[in-house]
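Okay everyone, thanks for coming.

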Amino acid sequence: MAQRKQDLFGNVIGRITELPGAKGLIDSFNALPERVDELQKRIRGLEQLEKRLKDLEKRVKALEGTGSKPRSTAKKTTSTKSSGAASATRRKATPKSS
């Protein structure tokens, strides 16, 4: 009975490879261990970044606590020249008398 199941399983595996698209599925399945290893490396890198971020946050808190009051930014106002009607029109020169 066990031999019969193994033969059936072998036949199913053999036929699956004949299906269109099955090659991509099998290739993906075979590449899975490599992808898992890559993911684990990335996660380890994230753990290191999280540790560095926590350290930096502690340093920022320490610096904020010892500093003076936070500076407020003053609003800068700019004056604009008014464009009155007098400057827009040219004044006529008075004719000189001879």
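So, look at Arg 42 and Glu 38: they form a salt bridge, with the closest N and O atoms 3.1 Å apart. Side chains of opposite charge can pair when their charged atoms come close. Arg 42 counts as exposed, because its relative accessibility is 56%. Glu 38, at 42%, counts as partly exposed.

How many salt bridges are there? The count comes to two. The other pair is Lys 51 and Asp 55, whose side chains meet at 3.6 Å, N to O. Again we're in helix 2, and again the two residues sit four apart, about one turn of the helix. Lys 51 is exposed, with a relative accessible area of 55%, while Asp 55 is partly exposed at 34%.

Now helix 2 itself. This helix covers residues 22–66, which is 45 residues. At 1.5 Å a residue, helix 2 should span 66 Å, and its end C-alpha atoms are 64 Å apart, so the two values agree. There is a bend along the way, though: a kink of about 45° lies at Leu 32, shortly before the proline Pro 33.

Let's step back to the whole chain. Of the 98 residues, buried ones make up 1%. The accessible surface comes to about 10800 Å², and 57% of that belongs to carbon and sulfur atoms.

Which residues make the nonpolar surface patch? They are Leu 8, Phe 9, Val 12, Ile 13, Ile 16, Leu 19 and Ile 26, and the patch is about 630 Å². Helix 1, residues 2–16, gives the largest share, with five residues.

Last thing: confidence. The chain averages a pLDDT of 76, and 67% of the residues score at least 70. Confidence is highest in helix 2, with a mean of 89, and lowest in helix 3, residues 85–88, at 51. Where pLDDT is low, the predicted coordinates should not be read in detail. Okay, that's me done, over to you.

Conventions: Residues numbered from 1 in each chain as written. Predicted model: local features only at pLDDT ≥ 70, side-chain atom pairs only at ≥ 80, totals over all residues. Heavy atoms only, no water. Expected span 1.5 Å × (residues − 1). Bend = angle between axes of the 7 residues up to and from the residue. Patch = residues over 30% accessible without salt bridge, like charges linked within 9 Å, V, L, I, M, F, W, Y side chains within 5 Å. Areas by Shrake-Rupley, 256 points an atom, 1.4 Å probe, with all protein chains shown as cover. Salt bridge = Lys/Arg side-chain N within 4 Å of Asp/Glu carboxyl O. pLDDT = per-residue confidence, 0-100. Buried < 20%, exposed > 50% of the residue type's maximum accessible area, 1.4 Å probe, protein only.
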